[in-house]
Amino acid sequence: MPDYPPNDSGTAGPTASGPTTAGPTTGEPSTEVVRREQLPGLEPERHITDWGRSERVEHLVDATLGHFLYHYWHRVEAEGVENVPRRGGALLVANRAGQLRLDAALVGKTIREEHAAARPVHLAAPPALTDVPGLGMLATKLGVVPEHPANLLRLLDDEGQVVLVFPETRQERVKPLSSRYRLRSFDRLEFVRLAAQAGVPIVPVAILGSEEATPLLSGLGLLGRVVPLRLGIPVPLPARFRLRFLQPVRPDRLRNGRVGSSELAEDIRGLIQENLYEMVANRNSVWLG
Amino acid sequence: MPSRRILITGLASVWGGRLAHQLESDPEVETVVGIDTADPQHELERTEFVRTPPEPKPLARIIRAAGIDTVVETTLVGDGRGLSSGRTRAIDLQATMSLLEAAARSGVSKVVVKSSAEYYGSGRDAPAFFTEDTPPLRRPRTPVQRELARVERALREYGDEHRDTTVTVLRCASTVGGGLRSAQLSLLSLPVIPGILGFDPRWQFVHEDDMVGALAHAVAQSLPGAYNVAGDGVLALSEVAGLLSKPLLPVLPPWGTLFTAGQVRRLGIPVPVGLLRELRYGRGLDNRKLKASGYLLRYTSRETVLKLRSQQRLRPLLGSGQPDGYRYEPEVEEFLRRSPSVQAMQRARSDATPSPSQGQGQGGAYGSLTEGELLEVIPSLETASMLALRDYEAAGPARPAVLAEIDQQLDLRESTDN
């Protein structure tokens, strides 16, 4: 059951008194604190968050498909979940692979199953996804948020939520199976910058299994040039998933101006890559793990 | 500097009338002058009404002669109610420009303009919550949006040129409530709410009391710049439909929406074409700047919709118009304000109960409601209807819970009015 942590502010509701006519906060004591305090309160009767995330839909998918995929189909094995902080904002950075966003769903499910606080995870996805009829609506209800910098800042800084991003380049998303688990460059550096701005830890996540679960059948080589359509497979193969949550990286260095965001992003990318290679090397079987 | 002498444009509109009503009950406010070309729809006590179009010269004369320090513009069209582009433009630009010109000529210290959240637009690349600093989406899609952008630019320029004038722009979310006419309201008033297949947009509302309260807050305080006025909480359209107990029917296809909407309109179902983008993408506002300025919003979006629901349930019983059936008669108003005999009587009569204006015939319609339903709708009633209901209830069933609730509400209103 997804659990939405309460916001800092008290509960909203009709208040008998009229609008307070206390003077405006001149001098602005600390805009950051004010912005956090003024977040809308929880309305317990609602089951949809202000982001459009629906508790009911999430619970329904989680209890059926999510449960099946997590426990029986992909038999997810996770380590280091405790590296995701129990409270406050955190940015999860993972390697992306496969055509379906299975990896994202399984990261969310893992945190819900294994993490002590069972925090909801918001997936930052390109805004084009939310414009797809039906799919976009479902994604929003399951916790997908368009990756607008303002959205991420609000989630990470003001609301203290967990956000999952896949910062690998999208330019060449078609990746042959032979170069699986070789990370593309991180071309979207604003994630790192936003985490630094929000002052939240970055938790690198290495995901093993997604490349085999949803391989690409066509769209590569000569055929891909002729047929612009990329063929995936409709049902993910039952590859075993391994998730490794790495030690959080504090972006403080970036804030101090000692390291550029590209260097920090490169560090994180290196960490994930290193762990992936190790996980691949230690894996006995793609399907049995 | 606090505002003492206030001029309101659009006194005949819901906002102008209600703001004047609220301001005139404030003893700090010395003068309220309202201008409009139409008759005021609200019964006002000491607000002075001048029937004039918003043209710079007469406006400036009024402002100077009455020593106005604050002008409030409430007439901006911001709800896409389907006016033609030319007409919207005439209303918005002309009124605001003349107001600014008059303000510049006569040197007022504060300008408050009611704008709309439609200024931001609505689209795929929008942030989930627009803050006041967020630039509007590129390429304004609707005429209203285009005009709002122009008006706001003019206001910014005015603010830059006149540093000693406080220019406040209130960008309000959708308001739905009795007496209003807006595209959102007409959509939500349909028996079945039409949606776009595969989309469940996020909508946000502000209660009319909060809108008036925010306008009064901007008059009372010094709030330079833009402020979003929106209730807490952004609702999914399906949630709104659920709160209104109406089915949400995705009759519009995701592609060719405009064409289908046109065809559906031909069939006689008034699907507001100006709202199609909002039906697809929706919009959320960040209201934290307004809250931080010291205004306490009284209603959340959800509560605003619940209010609308009780109003919609009552409409068949009470009729749609103003319960008092108020009509502006210049001579009567003149008499009521100036006559010494009336003024003497007013002081003596301040605590007398007004006579019920509703007939017993309408009261009979309440009989179909159960006690629970009655208790639910009572707080949303106009005072006059409530009095009528009280008489009916006392004469008929006389349920103690209902009577107690009405009395409590009446006491509450009396204490807030004074």
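Trainee: Which strands does helix α11 (residues 261–282) of chain A lie across?

Mentor: Helix α11 of chain A lies across β2, β6 (202–208) and β7 (242–245) of chain A. The helix runs at about 30° to β6(A); axes are lines fitted to C-alpha atoms, for helices over the stretch in contact, and angles run from 0 to 180 degrees between N-to-C directions. Helices (H or I, at least four residues) and strands (E, at least two) are DSSP runs, numbered from the N terminus.

Mentor: Before we go on, this is a predicted model, where local features need pLDDT of at least 70, side-chain atom pairs count only at pLDDT 80 or more, and totals for chains, interfaces and linings use all residues. Residues are numbered from 1 along each chain as its sequence is written, with chains lettered from A and ligands numbered from 1 in the order in which they are written.

Trainee: OK, and in what order do the seven strands of the chain A sheet come?

Mentor: The order is β1-β7-β6-β2-β5-β3-β4, in an open sheet with mixed pairing (two strands pair if DSSP finds at least two bridges between them). At the edges sit β1 (77–79) and β4 (144–146) of chain A, each pairing on one side only. From one strand to the next, the twist averages 25°.

Trainee: How many bridges join β2 to β5 in chain A?

Mentor: Four, between β2 (residues 90–94) and β5 (residues 162–165) of chain A, and these strands run parallel. A:Ala90 stands opposite A:Val162 in β5(A).

Trainee: Switching to chain B: at what angle do α1 and α6 cross?

Mentor: Roughly 60°, with the axes of α1 (residues 14–24) and α6 (residues 208–220) of chain B coming within 9 Å. That makes α1(B) oblique to α6(B), since angles under 35 degrees count as roughly parallel, over 145 as roughly antiparallel, 65 to 115 as roughly perpendicular and the rest as oblique.

Trainee: Which residues meet there?

Mentor: Among them, B:Trp15 and B:Leu19 in α1(B) meet residues of α6(B) that include B:Leu215.

Trainee: And how many residues of chain B are in contact with chain A?

Mentor: 38 residues of chain B, with 34 residues of chain A (contact means C-beta atoms, placed from the backbone, within 7 Å). The elements of chain B giving two or more residues to that side are α6, α10 (288–292) and α11 (301–318).

Trainee: What's the mean pLDDT of chain B?

Mentor: The mean is 81, and 86% of its residues reach 70 or more; pLDDT is the predictor's confidence in each residue, from 0 to 100. Over residues 78–86 of chain B the pLDDT is below 50. Where pLDDT is low, the predicted coordinates should not be read in detail.

Conventions: Contact = placed C-beta atoms within 7 Å.
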